[in-house]
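Subject: Structure for your review

Dear colleague,

Please find the structure below, with an account of what was found in it. I would be grateful if you would read the two side by side.

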Amino acid sequence: MGDKADVWQGTLALMVLKTLETMGPLHGYGIARRIEQTSRDLLAVNYGTLYPALLKLEQEGYITSEWGQSDNNRRAKYYKLTRAGRRQLAREAREWEQTTAILARFLSPGEESS
Amino acid sequence: MRNLRAWFLRLFGVFSKESRNRELAAELEGHLQMHIDDNVRAGMTREEARRQALIKLGGVEQTMENYRDRLGVPALESLLQDLRYALRMLRKNPAFTAAAMLTLALGIGANAAIFTLTYAVILKSLPVPHPGQLVRYTFRQGAMDIGLSGPAYEALRRHETVNTDLLAWSDAEFALQENGAVTRVSGAMITGSGFRVLELRPYLGRVFGDQDDVTSGGPSGYQALLGYDYWKQHFQGSQAVLGQALTVNGRVGTVIGVLPPGFDGLIAGMRADLVLPLAFEEVLHAPQPMRRHDGSFWLTVMGRLKPGESVQTAQANLRATEATVREEADPSHHFLSGFFAPFHFGVESGRTGRSLMKVVYQEPLVVLEVLVGLLLLLCCANTALLVLARVSSRTREFALRSALGAPRARLFRQVLLEVGLLAAGGLGGGICLGWVGAQKLVAMLASIGEPPPLDVTPRAAIIAFTASISLLSALVAGLWPALRAVRVAPGPSLKQGGPVSSSKGLGRWMVPAQVAVSVTLLFAASLLGRSFLKLLLENSGFRADGLMLANVDLRANKPTNVVATQSAQRMVEALESTPGVEAATVLSYPPISDSWSASHYYSVGEHGAVHSDMQTWPEPVSPGYFAAMGTRIVEGRGFTRSDANSDPVCVPSASAAAYYFPREDALGKFIYSGGEDPSLDGKTKPDPKNTCRVIGVAEDARYHSLREAPPRILYRPIVRDDLGAEFCLAVRSGNADIAAAAIRAALRRVTPTAVLPAILSFRDLVNHQLRRERVLVALSACFAAIALLLTALGLYALLARDVLLRTREMGVRLALGAQPGEALRMVIWQGLRLVLVGIVIGLVAALAMARLLGGLLFGIRPTDPFTLAAVAGVLLSVALAASVIPGRRATKVDPMVALRYE
């Protein structure tokens, strides 16, 4: 696990929101797998940390949940993006892009002179 | 916004945890199953698949723990947990809990009750907009606050410049004719400017203006306003009341509006159910209206300050204009500089309106507030001692918790929570006790007949006050024990077996403090009690035994003064002829009823020296007066029936005789009345028509009030028009029932239509006049008794504990040959030392208290050394009694048992 980056709180929420936007309603296990796949297994999501994050998003009203049936007939709780969640996702994604753009400019060598 | 929503849900989550936990468990179960399925599909064995899934999840328990923290508010939950624990601890020790709660409830309840009264009498603002802008003009001598005359009000209104306008108000009793019956309605009259100054809007209809405050009330008769409660009760809150005609004192008026709810008038304790323009006074006071009379002082005068003005500028303005006002209000100089010379104009804040009760009760209430404050302090100290004892016996528990990693703040909070719960119990008890207590007090203060309509229902202000003192007491009582609990060192406390640490450090402070408070309370109670006894026992100039009185009211018959006087005299004759009646008389005012009367008399001495007095009390009496009232004649003789027809005679009281005839024998000399005061020009001859010859001298009588020095009284036989429609009959008889029956019979015989009056004994009057003192004595004695009890309990608990802790030491001492008496002496001396320190501090505090009491005492100095010594003695004996029991226990220690104990 040493070379895999841990997922920290703030970005986990953003990833969850993005995942739900792309995939539609999904259960916790599905979200975790999806995040791992999308990061091409570079990120190790400790699945356990996902649930408090989901609860927080739900308390803030960005997602809602509902019990349903999984593909292989397991009972699972499905999470769904709300309208507020969509807005929040757009806002956070924009902020994140700005931050990374600034940092990228800082860190790439030789850029200072240009 | 999002955060708020999340917090709200989390707070809610605290209480719905169970179901959410089950849901999460189900969700995680589903999660694991899906993961295992995937892993099996990827080729793992079932065992391995499960193991990998669990590793990836990071532990079910840990996940649930994190989830739970997010679900609720951990800080709140630990608080709830502590609270539940505290409740369990209190339930486990019902005796301790009951004792502590009761102590706090007593202290809090006493404070709530006194504060309720203080609020109703002193603090409550008038329910009008910006009451802080109101000022009230006064005309008073000491506590006697009599109001302004009509001309003084007008003159003041013309000359003062700090108010937008002034108003004059007078309470009144109206006779309202309804369906043929006459009912008495308590009401008031107000000038046309009144509602403008008060800025009071009616609940219904309109209020008066200047056009309504004129003779006959204007073209459509007098306009009337109804009080809200009265309207609700008597007119069922009907809108149709507007325009309805009322017959008041035989005149027709029209209802034009209803006053807003909560407005009871400007005078606390007097309800204004019916309000008429001040002009109605000409009907009420007919045939002698008072509004233009220079010598009738009866109006409550208030004003509303202009922006930027204050009570101070109003006072300055009053001083600047007072000379002009006095001149215009009394051109004859007869009243303001004559009879009313001891009275002064003043202006003060009018925020609370005028309160007749405030004048009488402000000082006692301040004293009572101090007393109950001290009592609460004592209750807190006792609770602190109790809690401390509990904390010390739980030393092991605190040590264990601390060793297991409980932060100090948590232990601190635990103790404070427990005390807080006790205080909450105390608050509940205190509010009930306070409410009941306030009602009892109001009943005790009731005048003969009905209680004063003081509003003592618990209001927001009172509950807030009570809650805050409870919180404060919890802090005061809990802080010390909580600090001690935190200081417990885990190591040594866990090693030792039983409860450790003595309460020495705290006891050294608590016991003297309790004793000091008790000394102060006891001292106040004894001073008030002795003063009360003095008032009761000191010769009043009347003999109370067998003296019965009745206030006769013939106003319904509208008699002239001549007719009223004749009726009164015939009643006295009827009474005198009744078997069993020793003597009877008529009086113009009932004695010791705070009524006040003064007239101008003078005498001319042997060498032409004139002694003139405007403060002599004229008292027209029947021949039987001295025998009936029990006032002794000290020189000469009293009146006989023939005196009424001979040349005028009179009997001055001893102080009057000494005033008019200093160093001379008064008998046979003359006292003059009326006409020009010869002291003004020295030449005017006394008018022989207004002359009376002194035939005797009577002992002084405290006619006006038991609390005040006897007035100079001049008794003379009744002449034909001396009495008005209201007078008082006094009968002396060995049997109260005979006297009462005689009075009723006499009244029925002379004026069959008159209402039968209430018949009171002289003792009733005394009790009524001294009700303020009685309440003060009862309350302060009650507080002092509680204080003594609490102090004794506190001391006992402290010493008993000490003896218990030192059992081993005692055992060693006894084994080494100490006498049991020594152990007893040691314990007693240990308590006594603390008590002595407390007494010394208490005596100093008591002397400070005495200054506060000064104005309420009668015939006793506030620093009375005898009382001080007695109080110290009582405290010492109580302390001795409290230390004897633990002391004796110390002597009974068996050395063998004590030494084997470890």
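Two strands are taken to pair if DSSP finds at least two bridges between them. Helices (H or I, at least four residues) and strands (E, at least two) are DSSP runs, numbered from the N terminus. This is a predicted model, in which local features need pLDDT of at least 70 and side-chain atom pairs count only at pLDDT 80 or more, while totals for chains, interfaces and linings use all residues. Residues are numbered from 1 along each chain as its sequence is written, and chains are lettered from A and ligands numbered from 1 in the order in which they are written.

Confidence

For the complex, the predictor gives an ipTM of 0.82 and a pTM of 0.73. Two residues are in contact if their C-beta atoms, placed from the backbone, lie within 7 Å. Where pLDDT is low, the predicted coordinates should not be read in detail.

Domains of chain B

The domain bounds come from an automatic or database domain assignment. For chain B this gives domain 1 (2–72), domain 2 (74–124 + 358–499), domain 3 (131–351) and domain 4 (547–764). Taken over C-alpha atoms, the centres of domain 2 and domain 4 of chain B are separated by 58 Å.

Strands around β8(B)

Strand β8 of chain B covers residues 251–258, and strand β5 (residues 204–205) of chain B runs antiparallel to it, joined by 2 bridges. In this pairing Gly205(B) lies opposite Gly257(B). Strand β6 (residues 222–226) of chain B pairs with β8(B) in the parallel sense, over 5 bridges, and Gln223(B) stands opposite Thr254(B). Strand β7 (residues 245–248) of chain B pairs with β8(B) over 4 bridges in the antiparallel sense; here Leu246(B) has Gly253(B) as its bridge partner. The hairpin of β7(B) and β8(B) has 2 residues between the strands, and Asn249(B) takes a positive phi near 45° there.

Gly194(B)

Gly194(B) is placed in helix α8 (residues 194–198) of chain B. Gly194(B) counts as buried because it has 26 C-beta neighbours inside 10 Å; the cut-offs are 20 or more other C-beta atoms within 10 Å for buried, 12 or fewer for exposed, and partly exposed in between, with C-beta atoms placed from the backbone. Apart from neighbours within four places in sequence, Gly194(B) is in contact with Leu167(B), Trp169(B) and Phe208(B).

The barrel

In chain B, a closed barrel of 6 strands runs β16-β17-β23-β19-β21-β20, with mixed pairing. Within chain B, strand β17 (residues 610–621) and strand β23 (residues 713–717) run parallel and are joined by 5 bridges, with Glu619(B) opposite Tyr715(B).

The interface

Between the chains, 18 residues of chain A are in contact with 23 residues of chain B. On the side of chain A that touches chain B, α2 (28–38), α3 (47–59) and β5 (75–81) of chain A each supply at least two residues, and α3(A) gives the most, with 7 residues.

Yours sincerely
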